[in-house]
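Subject: Handover of a structure

Hello,

I am passing a structure on to you. Please look through it first and then read the notes below it.

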Amino acid sequence: MPKAQTEIKRAVWKMLESIWNDDDFQFWDADRNNALREDILKNLARFPMTDDERAADIGLPEGCRIREGAKVISADNLQCGKHVWIGENAIVDASGGLEIGDHTTIASSVFVWSHTSVMSSLMGQNTPGNSWIRRAATKIGSNTFIGGPSVINPGITIGKRCIVMPMSVVTEDVPDNTMVGGAPAVAKRTIDDAWLERERLKLAGNSG
């Protein structure tokens, strides 16, 4: 390694050491802060993992993958199927209960919520653990694709074999075999076997 690079790295290390030792750089010794800090450190430790290693580390089943930058809130409340893919910078909130079926994609920068603190702000009580936080279980069926960036509101049920188009905000339940899009999302088409076969043939033609 060139000497200049070594010197730069040493300088950066000294800078980090100086910040760490500065009395103004403080941690607060409180139960909530310490619990959050542990979770933050776990996420940092997972950063160099591959997507399948990251998913396995939080207990997701066979074939699941979580890309870097994604965040799973309250993973203990997540009921996840096999072969689920969660993309970069997605936020998957299971604090109010969350189910995701087999072979479902949560694409990059998708936000899936199972809680909301809207009323906390409106009532002037935006404090940790306030009584205005609403939690509601969210469900996403198997063989479903959630395109990013999109938002799934708390308490929503999205059925099996559905597509949520990119840039959508899902505010109402989505029945099985439905493509939705828009903000708020509305039904765009039914996903039936004939449509799937046409799409399959398009892919087969492109691969040739």
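The notes below go from the whole chain to its sheets and then to single residues.

This is a predicted model, in which local features need pLDDT of at least 70 and side-chain atom pairs count only at pLDDT 80 or more, while totals for chains, interfaces and linings use all residues. Residues are numbered from 1 along each chain as its sequence is written, and side-chain values use heavy atoms, with hydrogens and water left out.

Whole chain

There are 5 helices and 18 strands in the chain. Both are DSSP runs numbered from the N terminus: helices are H or I with at least four residues, strands are E with at least two. The chain is more spread out than a compact globule, because its radius of gyration is 21 Å, well over the 17 Å that the globule rule gives for 208 residues. That radius is taken over C-alpha atoms, and the rule is 2.2 Å times the number of residues to the power 0.38. Along the principal axes, the C-alpha atoms fill a box of roughly 65 × 55 × 30 Å.

Of the 208 residues, 28% are buried. Buried means under 20% relative accessible area, exposed over 50%, and partly exposed in between (1.4 Å probe, protein chains only). Among contacts (heavy atoms within 4.5 Å) with a separation of 6 or more, 20% are between residues 24 or more positions apart. The chain exposes about 13200 Å², and carbon and sulfur atoms supply 55% of that area. The areas come from the Shrake-Rupley method with a 1.4 Å probe; for residues, only the protein chains shown count as cover.

Sheets

In what follows, two strands pair if DSSP finds at least two bridges between them.

Strands β17 (residues 178–181) and β18 (residues 186–190) run antiparallel and are joined by 4 bridges. T178 has T190 as its bridge partner in β18, and G181 has V186. The two strands form a hairpin with 4 residues between them, and G182 in the turn has a positive phi of about 105°. P184 is also in the loop between β17 and β18, and the peptide bond that joins A183 to P184 is cis, with omega about 5°.

Another open sheet has 4 strands in parallel pairing, ordered β3-β6-β11-β14. β3 (78–80) and β14 (157–158) stand at its edges with a single partner strand each, so one side of each is left without a neighbour in the sheet. Within this sheet, β6 (residues 98–100) pairs with β11 (residues 138–140) over 3 bridges in the parallel sense. The partner of L98 in β11 is T138.

Backbone exceptions

Most residues other than glycine have a negative phi, and most peptide bonds are trans.

H103 is not a glycine but has a positive phi of about 55°. H103 sits in the loop between β6 and β7 (105–106) and is partly exposed, at 48% relative accessibility. N177 also has a positive phi, near 60°. N177 is in the loop between β16 (169–170) and β17 and is partly exposed, with a relative accessible area of 25%.

Regards
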